[in-house]
Amino acid sequence: WNEVMYDGMRTKGNAACLYFILLVVIGNYIVLNLFLAILLDNFADMDSSGETATETAAREAKKAEELQRKKSQALERRKTRQAEWMKLQAQASLISGGSFGLGRSKSLGKEGAEGVAGGDEHFSLVARARVQAKHLIMHPKFDQCVIFLICVSSVLLAVDSPNIDPDSQLKKALNITDVVFVTVFTLEALVKMFALGMKRYFAVGWNVMDFVIVVIGLIGAILELSGSSTMQAARSMRSFRALRPMRMASRAEGMRIVIEALFQAIPPIMNVALVCILFYLIFGILGLNLFMGKLYRCVYAGTDDVLISPMLGMNPKDVTRAWCDVGTHLVGCVGGARVALYSSGQLGWTCVSSTIPTSVVNADANRVETYSGEWTCTATADTLAVLTADPYDSGSYGVRSSYVDGTIGADGYDSAAVDAAVETAVSSGTFTSTCEPRLEGHEWRKPENYNFDNIGASMLVLFETATLEMWLEVMYHSVDAVEEGTQPRLNHNEGAALFYVVFIIIGAFFVMNLFV
């Protein structure tokens, strides 16, 4: 999931990480832990060791009493709904009889009383419509129809994709059905508000959630139909309609209990979240002090592949930020050793073959290898100016002169030959290579997916570590870290691994499991 999160951050901005953090916290640490809670509860019921007969009987009686209470509540809700349905049937019969006198209006309850205030004519227009609307929403088939539409709408939202041709028939059909569903759900909300009254409608939390989702979807549809530049944002808003299936929980007692338990657990969950943030902040500050700026390394230009210093004939400790920031180097061979020379860009050297080389196919490595040849390279004026400049003189060539100490690196068998070749390159701008020379671009960059350069990035890395995903890569890189401006070296600081081990024990196994 880490890779997906960082791809999202690179395309949508750093705020995209909040979606993935909430997904992991809610989905993994809260919702999925409900299974563990149920399992532990069953274990507690099964484990009666150490209990006396009286204690066991009391526990069983309490459990039976709780079960009976829940059954009674469910039965009471069904009876209330049936009674309200019968009342609405009677009201519908009275209204259909055509007489709207005061005597009959009293039997209509509150709705009738409200309607009579304006006379029979007002009663006939408002009260009849309100009673009929309430009769509609209380019909047993009404919720079933709405749930069916919610399911179909959710399926169509899942079918939608950015890969679908905007001019295709499928895309046009999805857009049309989308508008239809928004219209239907808006009418549903309006009918409910008219039938129940604003105060009674918004007194139910499920209705409030439904109204918010309908409004978001309606705004998104209006913006899309108007061709607004915020269409993508509008479609993102309308995606919140996926919460509509939660309305089914109001009809299933088991789901209702679980979701209500989740909402009741929000205050203690917030306390746990504050404790987690505190620990993350402490370790995040510690991570800043230990690794800030030290995870940068020299990579091949345009990639995230770390430069291998022996392939350039260099000791790892000589690969510094100053050397890498030069940008381009000419890499060749002298006396069995690799040599890297400064180049002022991809055209800083001109190389020609002076001896025809021998080329063979290395089947194991799946490449063509060239050897026993000789190439002569000539530096351009800009390149030679840097190579011949006094490394301690910041005059003629400005900042470039400070790179001279790091422009040359070699590590091989024949040091005399290397020294002679380097001396010739520095003095005359001519270099002779026994392998085909190549110009390599280099960049000093931090890893794409993690760093400790600020407290936000530091805490995000720690959150990934707590989920036990991709933390080994970060740990090994931290173990290799040397200091700012220096290429990481293998196992340079093995003690850095303790930071991650301690955090996993505290952050992953203790703190995050407080959600359970």
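This is a predicted model: local features need pLDDT of at least 70, side-chain atom pairs count only at pLDDT 80 or more; totals for chains, interfaces and linings use all residues.
Is Leu 468 buried, partly exposed or exposed? Good morning. With a relative accessibility of 40%, Leu 468 counts as partly exposed, because that class lies between buried, under 20% relative accessible area, and exposed, over 50%, with a 1.4 Å probe and protein chains only.

Residues are numbered from 1 along each chain as its sequence is written, and side-chain values use heavy atoms, with hydrogens and water left out.

Let me begin with confidence. The pLDDT is the predictor's confidence in each residue, from 0 to 100. The mean for the protein is 76, and 73% of its residues reach 70 or more. Among the elements, helix H5 (residues 102-106) has the lowest mean pLDDT, 42, while H19 has the highest, 92. Helices here are DSSP runs of H or I with at least four residues, numbered from the N terminus. Over residues 99-122 the pLDDT is below 50, and this stretch has 34 contacts beyond near neighbours in sequence; a contact means heavy atoms within 4.5 Å.

I now return to Leu 468. It sits in the loop between helix H18 (455-466) and helix H19 (471-480). Together with Val 501, Ile 505, Phe 509 and Phe 510, Leu 468 forms a nonpolar surface patch with about 470 Å² of accessible area. Areas come from the Shrake-Rupley method with a 1.4 Å probe, and for residues only the protein chains shown count as cover.

Next, the aromatic rings. The structure holds twelve aromatic pairs. Rings of Phe, Tyr and Trp (its six-membered ring) pair if their centres lie within 6.5 Å; planes under 30 degrees apart are stacked, over 60 edge-to-face, and the rest tilted. Phe 181 and Phe 185 are stacked, 6.1 Å centre to centre with 20° between the planes. Both lie in helix H9 (residues 169-196), four residues apart. Phe 185 is buried, at 2% relative accessible area.

The rings of Phe 283 and Phe 503 have centres 5.1 Å apart and planes at 65°, so this pair is edge-to-face. Because Phe 283 lies in helix H14 (residues 266-291) and Phe 503 in helix H20 (residues 497-511), the pair ties together parts 220 residues apart in sequence.

Definitions and conventions:
Patches are made of residues with over 30% relative accessible area and no salt bridge: like charges are joined within 9 Å, nonpolar side chains (Val, Leu, Ile, Met, Phe, Trp, Tyr) within 5 Å. A salt bridge is a side-chain nitrogen of Lys or Arg within 4 Å of a carboxyl oxygen of Asp or Glu. Helices (H or I, at least four residues) and strands (E, at least two) are DSSP runs, numbered from the N terminus.
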